[in-house]
Amino acid sequence: MNKKITFVLVLALAAFLVMGSASAGFFDFLGGGDDTVKIGYLPSDHDAALFVADAQGKFDEKGIKTELVQFNNGGDLMTAMASGDVDVGYVGISPVLSSVSAGVPVKVISAAQTEGSGILVTNTSGISSAADLAGKTVATPGEASIQHVLLSAYLKNNGLSLADVNESAMKVPSINDALKTGNLPAAITFQPYVSLGETDDSIDELVDSSEILPGHPCCVVVASQNFIDNHPDTVKDIIAIHEEATKFINDQIEAGKTDEIVKLLPADIVADPDAEADSLESFPFISGLDDGYKANVDAFQALEVELGILNQTVSHESLYWEA
């Protein structure tokens with residue numbers, strides 16, 4: 001696992017173990033309180049089930065008071081979970097695996113979606129193949145992100161490595177702006193920013209993550225072990241809410257009513273309703289933790305070990321919690 005990520009996670013874990021009660025008091029001061037479930041998320045429609053459930057009042061129906069907290073990338077979200085500042089998160093499987101491997105007490109409680117990322121390039125960059133990325137700057141959401149893993153895998157599949165490119169961490173909403181201005185030749189990002197990028201004539205998708213690793217796991221729903229131990233019934237309700245919201249999303253897409261989902265998403269994600277609709281239809285939304293999904297995660301873990309991102313795979317017992 002990346003040494004920098006490991007160091008940050010270990011420090012956060014130490015803070016969680018030593019100062020857990022102080023952290024809770026701090027958030028009480030901010031107005032959260034013990035009865036508020038803090039749910040972390042990324043500015044991505046990968047988390048659409050969370051947004052739909054919130055907009056439809058599903059948490060309120062179950063008597064669950066929530067506070068939604070946005071993070072730039074999965075590494076930042078998992079650091080917040082390690083320190084006890086977040087109870088539940090919608091986040092990529094890669095930072096979850098790194099966190100669990102480092103001893104952070106969190107568990108995956110449901111899958112959320114698969115695929116949903118892509119490499120974007122400008123039409124002035126001269127990049128039309130993987131080989132053309134050599135020597136170029138490629139932006140990602142950060143080294144703890146699943147996009148970092150996908151980039152590494154794509155390069156490896158084409159006889160290259162991360163050492164052959166200049167990887168640069170950027171805030172995801174800023175990536176497309178940097179591409180449009182010509183200050184950045186290439187980036188790997190998540191939806192809806194892939195679809196949004198393609199609305200600009202100067203930006204093309206080089207390759208979709210469904211082509212890099214078909215069916216790869218992406219975002220999951222996680223909960224801290226502390227929250228699971230102290231509020232197991234609430235965790236079960238959150239899993240049920242996620243499943244219901246996921247079914248709503250899939251039903252609307254199947255019925256050709258994707259615009260009904262778009263209406264329920266946060267304004268800062270829906271920069272272009274048509275592009276957002278295209279994005280929602282471009283990858284699968286799922287829920288639950290069946291054996292097929294776990295096998296998919298196992299294969300992804302093995303890839304991360306092969307790429308040197310994980311030191312060793314994580315056991316199912318350490319990774320999952322099922323009601």
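Reader: At roughly what angle do the axes of helix H4 and helix H5 cross?
Author: This is a predicted model, where local features need pLDDT of at least 70, side-chain atom pairs count only at pLDDT 80 or more, and totals for chains, interfaces and linings use all residues. Residues are numbered from 1 along each chain as its sequence is written, and side-chain values use heavy atoms, without hydrogens and water. Helices (H or I, at least four residues) and strands (E, at least two) are DSSP runs, numbered from the N terminus. The axes of H4 (residues 74-82) and H5 (residues 93-101), lines fitted to C-alpha atoms over the stretch in contact, with angles running from 0 to 180 degrees between N-to-C directions, come within 9 Å and cross at roughly 40°.

Reader: Which residues of H5 make the contact with H4?
Author: Contact means heavy atoms within 4.5 Å. On the H4 side, Gly74, Gly75 and Met78 take part. Their counterparts in H5 are Pro95, Val96 and Ser99.

Reader: Which residues of helix H11 make the contact with helix H2?
Author: H2 covers residues 48-55 and H11 covers residues 232-254; their axes come within 8 Å and cross at roughly 100°. From H2, the contact is made by Ala48, Ala49, Val52 and Ala53. From H11, it is made by Ile241, His242, Ala245, Thr246, Phe248 and Ile249.

Reader: How many residues of strand S1 are buried?
Author: A buried residue has under 20% relative accessible area, an exposed one over 50%, and a partly exposed one lies in between (1.4 Å probe, protein chains only). S1 spans residues 36-41, and it is largely enclosed by the rest of the structure because of its buried residues, which number six of the six.

Reader: Which residues of S1 point the opposite way from Thr36, Lys38 and Gly40?
Author: In a regular strand, side chains alternate between the two faces of the sheet. In S1, Thr36, Lys38 and Gly40 point one way, and these residues are buried. The other way, also buried, point Val37, Ile39 and Tyr41.

Reader: Which residue of strand S2 stands opposite Val37?
Author: Strands pair if DSSP finds at least two bridges between them. S1 and S2 (residues 65-70) pair in the parallel sense, over six bridges. Within S2, the residue opposite Val37 is Thr66.

Reader: What is the bridge partner of Gly40 in strand S3?
Author: S3 (residues 88-92) runs parallel to S1, and two bridges join them. In S3, Gly40 has as its bridge partner Gly89.

Reader: What separates the C-alpha atoms of Phe71 and Lys171?
Author: Phe71 lies in the loop between S2 and H4, and it counts as buried because its relative accessibility is 15%. Leaving aside neighbours within four places in sequence, Phe71 is in contact with Gly40, Tyr41, Leu42, Pro43, Asp76, Leu77, Ala80 and Val86. Phe71 and Lys171 are 100 residues apart along the chain, and their C-alpha atoms are separated by 9.8 Å.

Reader: With which residues is Ser152 in contact, leaving aside its neighbours within four places in sequence?
Author: Ser152 belongs to helix H6, residues 146-157. Its relative accessibility is 9%, so it counts as buried. With those neighbours left aside, the contacts of Ser152 are Leu162 and Leu307.

Reader: What share of the residues in the chain is buried?
Author: The chain has 15 helices and 10 strands. Among its contacts between residues at least 6 apart in sequence, 80% join residues at least 24 apart. Of the 323 residues in the chain, the buried share is 54%.
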